[in-house]
Amino acid sequence: MTAPAGKCEPQTGSVDPRSVRGRLDRALAGEPVDWPVYAVYDWFVKNRPIDWPSLFAQGLGQIAHADLVRVERPHLQIVETREEIDGRQHRTVRWITDRGELQESFVGEWQREHLVKTADDYRVLRRAFEDTRYTATAEFFRQAESELGDNGITLGALGWAPLRRTPLLQVQIDFAGPERLALDLADEIPELMSLLELLTELTLNKLREAVKTPARYIKLWENLAIETIGVRHYRRQIVPMYRRILDILSGAGKRLLVHYDGKLRIIADDIAELDFDIDSLTPPPEGDMSVAEARARWPDKFLWLHPPLGWFHEPGPVLARARTPDGPRRRPSPLLPDD
């Protein structure tokens, strides 16, 4: 298999081709994979009390994510408070502007309360983002690459704080929640549409800065649930946004990764027409397309494979045979488990 058109050259210089980094570089460049990489996100390494050095010594790789921009929001102050209740961490975050205040809250890692409760909250949220300025930085990328060495690869990210997704998904997942957004989108609430327009321009500005960095691969944390956003809105608002993003990235020699870990069959044709790769493809039962189906439908896309939950019940020897270079050889295919 030759490298598909549009794929990037390896992000790094000369490395051991059998190392985790070497295998990831080659796979991302479009070469076949006959010895898969099993890797973990850096977020888990930083937040899970596991003997990671031992796992890395046994061959586990790591996928790091580095912010590519610095952000200035002149109209927004964020105040965060934390407390432990019944052994669980509770976090409350206040977004303060000169036109009002919003609040969100979390229990552990899960969001309990969204910022937007009424239509007027979109107006306050828009004020929070007005006059936002982005500046490219390679500092975090270079630091991550230095820390990883040959044991992984760094993907460029747009920061964990907004904006890290396309605007419609950012509002749905982080700001309003699926139910609130569905109602307001159906009614085309003017405050919401105005916010989406601003977020679109800001997201594109952020990417224009991000492509100035050395990162070859830039990732959007889409977490798309097509059953909640709907095919019509996907095609009307999200697909055109991808096309604008791809114009920016392709002109700079960068590659786009989208974090899709849900059901994709109903939009498989749309995805086929978009020149991005898929991060965290999840087979059934969580997803609705098998790896073979995805490979057949998108032969030129690189697919990061998110292991089905059933893998965690497999006996150790079965997983070991799938991992080691001396075990059964897999059919060549650029499929790499990521977390």
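**Close-up views of a predicted model**

View 1. Eight bridges join strand S5 (residues 88-97) to strand S6 (residues 100-107), and the two strands run antiparallel; helices (H or I, at least four residues) and strands (E, at least two) are DSSP runs, numbered from the N terminus. The model is a predicted one, in which local features need pLDDT of at least 70 and side-chain atom pairs count only at pLDDT 80 or more, while totals for chains, interfaces and linings use all residues. Residues are numbered from 1 along each chain as its sequence is written, and side-chain values use heavy atoms, with hydrogens and water left out. Trp95 has Leu102 in S6 as its bridge partner. Four strands form the open sheet in the order S4-S5-S6-S7, with antiparallel pairing, where two strands pair if DSSP finds at least two bridges between them. Strand S4 (77-85) and strand S7 (110-113) are the edge strands, each pairing on one side only. Direction ignored, neighbouring strands of this sheet are turned by 25° against each other on average. Helix H4 (residues 119-129) packs on the sheet and touches S5 and S6, its direction making about 80° with that of S5; contact means heavy atoms within 4.5 Å, and axes are lines fitted to C-alpha atoms, for helices over the stretch in contact, with angles running from 0 to 180 degrees between N-to-C directions.

**View 2. Two residues with positive phi.** Asp86, in the loop between S4 and S5, has a positive phi of about 50° although it is not a glycine. At 79% relative accessibility Asp86 counts as exposed, given that buried means under 20% relative accessible area, exposed over 50%, and partly exposed in between (1.4 Å probe, protein chains only). Ser280, found in strand S12, also has a positive phi, near 70°, but at 1% relative accessibility Ser280 counts as buried.

View 3. Phe141, Ala144, Glu145 and Leu148 are the buried residues of helix H5 (residues 139-148). They cover an arc of only 100° around the axis, which puts them on the same side of H5; the arc is that of the directions from the helix axis to the C-beta atoms. The face turned away from this buried side carries the exposed residues Arg142, Ser146 and Glu147. The cover over the buried residues of H5 includes helix H1 (20-28), strand S2 (61-67) and strand S9 (152-157). Gly149, with a positive phi near 60°, follows H5.

**View 4. The packing of helices H6 and H10.** Helix H6 (residues 167-176) and helix H10 (residues 231-251) pack at an angle of about 115°, their axes being 8 Å apart. Pro167, Leu168 and Leu169 of H6 make the contact with His233, Gln237, Ile238 and Met241 of H10. By class, this contact has five nonpolar, two polar and no charged residues, where Ala, Val, Leu, Ile, Met, Phe, Trp, Tyr, Cys and Pro count as nonpolar, Asp, Glu, Lys and Arg as charged, and the others, Gly among them, as polar.

**View 5. The surroundings of Ile226.** Ile226 is found in helix H9 (residues 226-229) and is buried, with a relative accessible area of 7%. Not counting residues up to four places away in sequence, Ile226 touches Val231, Tyr234, Lys263, Ile266 and Ile267.
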